[in-house]
Amino acid sequence: MSNQTLTSLQQQLARRQISSRELITDTLARIEAQNPALNAFITVDRAGALAAADAADAALAAGTAGPLAGLPIAHKDLFCTEGVLTTCGSRMLASFTSPYDAHVVSQLKAAGAVSVGKTNMDEFAMGSTNENSHFGAVKNPWDVTRVPGGSSGGSAVAVAAGLVPAATGTDTGGSIRQPAALCGITGIKPTYGIVSRYGMIAYASSLDQGGPLARTAEDCALLLNHMAGFDRRDSTSLERAPEDYARHLDLPLAGLRIGLPREYFGDGLADDVRTAVETALAELRKLGASTVEISLPNTHLAIPAYYVIAPAEASSNLSRFDGVRYGHRAAGYKDLAEMYARSRAEGFGAEVKRRILVGTYVLSHGYYDAYYIKAQQLRRLIADDFRQALTQCDVIAGPVAPTAAWPLGQMADDPVQMYLADIYTLAVNLAGLPGLSTPAGFSREGLPVGLQLIGNYFDEARLLGVAHRLQQATDWHLRTPG
Amino acid sequence: MSLTLEQVDRIARLARIELTPADADATRAKLDGIFGLIEQMQAVDTTGVAPMSHPQDVVQRLRADTVTEGDRREAFQAVAPEAEAGLYLVPRVIE
């Protein structure tokens, strides 16, 4: 049952060709066999998954089943799951069992989906390689000596290796799209505000957005239908009428104008990634789309703006980890101040501490205007670039990352190098637009390459439709490692 | 821009993160690299550009000042490092 899509498994369950217990038992066996080599899961909830599978089978027999009844999924380990370990990839939360469910978790549970466990990630979602996890690096199934991308690396690998058909992720600066690209699967970061952040452990609140990772665009649409929606518990959740994100899957591409930002095809883009992306664009043209060159002149400012705004918000969000109400508390201290400082020094990893320090500095007295306000002004310029460009085209296309997956350890000690690799994804979060990654062939070394599609606000259905048409015409998304 | 060790110590104190003297120097070098990247912002003239904090420029929703959550004190204190009789325990702060 490995590598089948959610949509196909959903039909087999509905026709009672398989039971959820069979499906979940098979899923758990595959995780048990392959996870030691990949390290994609931090927690496997065997008992909870089997109990949920039995409940789904009973509901399917009684005709009361939800639309996702019995389907296996996994949650990135920053979604709070009631009664199940929720670590955020950190020593700080290494023994934190959440007392409540995130909105996304309860929505998917209500639809009948069965969570088999929690996937590995960069600590507090800070990283692009999944090497910043307290629970060890995740390995790319296409080449286990290489990074899977991050921060939703465990979710991407769980899907790419065929352990689960779909998983949840979050994307603050590329954390769904980049690991999806590096692992050869599909992932979408929705418009900021359509997926509730309630119960999603916060990194940078004005940028964080949850979304699905799956093998196909069709499966992403199916999952997004159950993840999105207004939630009053998230103060930035947008109050909009529910929509069907699968409604444009079969829309023909004739007449579609695709904008190609010249800044996304300049120096720094690896030749083999360029070739793969151009091949995918040629396929889209064959399907009737036209391409037009556009410009996003402030692209280069996305990196400095992001690396001010995200650490600033992180330093504020992560101040809640004080060793008092939850999380790690140091063993020895002489007073309250030392208890805070030592608990945080022990509980956070190196990259998290760096971002908290950067954030603390840029928000400190006398520096706020020069850094945080300045970065928010650049954010406006970046968003205006997209607004302008999207008057000349319907969607924007380009690479997701400058290269295919790189060797583990290559950038582990060089944060600045790592930040520069986020150049094509950060601006989408700053603008709050939806962005998607879909497989676009392979690098010279046989590693997956992703095509990024960026849409206007609330244009998820169209992005998923373009990706679906491309997937109907190509087989890149069907290739599996090994 | 180059941070001094005193500045790094001050930031760490503000952030409530203990930094050993051995860590401070390595941290300073890494932070210098990051601020080098960030400083590119200062070359851009942003006079008159309104700062953007939310993509849709929405305002915070208001709600009625009423209780919406039930009492789950026990469940929430069960995950605390030290709690007793409904209280979170911390080192003595008042002598």
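This is a predicted model: local features need pLDDT of at least 70, side-chain atom pairs count only at pLDDT 80 or more; totals for chains, interfaces and linings use all residues.
Let me start with a pair of helices in chain A: α9(A) and α11(A) pack with their axes 7 Å apart and at an angle of about 95°, where an axis is a line fitted to C-alpha atoms, for helices over the stretch in contact, and angles run from 0 to 180 degrees between N-to-C directions. Because angles of 65 to 115 degrees count as roughly perpendicular, under 35 as roughly parallel, over 145 as roughly antiparallel and the rest as oblique, α9(A) and α11(A) are roughly perpendicular to each other. When I say helix or strand, I mean DSSP runs, numbered from the N terminus, with H or I over at least four residues for helices and E over at least two for strands.

Residues are numbered from 1 along each chain as its sequence is written, and chains are lettered from A and ligands numbered from 1 in the order in which they are written.

On the α9(A) side the contact is made by A:Val308, A:Pro311, A:Ala312, A:Ala314 and A:Ser315, and on the α11(A) side by residues including A:Arg355, A:Ile356, A:Val358 and A:Leu363; two residues are in contact if their C-beta atoms, placed from the backbone, lie within 7 Å. By class, this contact of α9(A) with α11(A) has eight nonpolar, three polar and one charged residues, with Ala, Val, Leu, Ile, Met, Phe, Trp, Tyr, Cys and Pro counted as nonpolar, Asp, Glu, Lys and Arg as charged, and the others, Gly among them, as polar.

A nonpolar core here is a set of buried Ala, Val, Leu, Ile, Met, Phe, Trp, Tyr and Cys residues joined through C-beta atoms within 7 Å, and a residue is buried if 20 or more other C-beta atoms lie within 10 Å of its own, exposed if 12 or fewer, and partly exposed in between. Leaving aside residues up to four places away in sequence, A:Ala305 touches A:Ala375, A:Leu378, A:Arg379, A:Ile382, A:Leu430 and, from the other chain, B:Met41.

That brings me to chain B. Helix α11 (residues 350–363) of chain A and helix α1 (residues 5–14) of chain B have axes that come within 9 Å and cross at roughly 95°, so α11(A) and α1(B) are likewise roughly perpendicular to each other. Here A:Leu357, A:Thr360 and A:Tyr361 meet B:Ile11, B:Ala12 and B:Leu14, a contact with five nonpolar, one polar and no charged residues.

How many residues does each chain bring to the contact as a whole? Chain B gives 37 residues and chain A gives 53. On the chain B side, the elements that give two or more residues are α1, α2 (21–38) and α3 (73–77), with the largest share, six residues, coming from α2(B). By class, that side divides into 25 nonpolar, seven polar and five charged residues.

Chain B itself has three helices and two strands, in the order α-α-α-β-β along the sequence. Its radius of gyration, taken over C-alpha atoms, is 22 Å, well over the 12 Å that the globule rule gives for 95 residues, so chain B is more spread out than a compact globule; the rule is 2.2 Å times the number of residues to the power 0.38. The C-alpha trace of chain B spans about 55 × 45 × 25 Å along its principal axes, and 16% of its 95 residues count as buried.

Finally, some backbone details in chain A. A cis peptide bond, with omega of about 10°, joins A:Gly150 and A:Ser151, and A:Ser151 sits in the loop between β3 (114–119) and α5 (153–160). A:Asn130 is found in the loop between β3 and α5; A:Asn130 has a positive phi of about 65° although it is not a glycine, and it is buried, with 35 other C-beta atoms within 10 Å. A:Asn39, in the loop between α2 (20–38) and β1 (41–44), has a positive phi of about 60° and counts as buried with 21 C-beta neighbours inside 10 Å.
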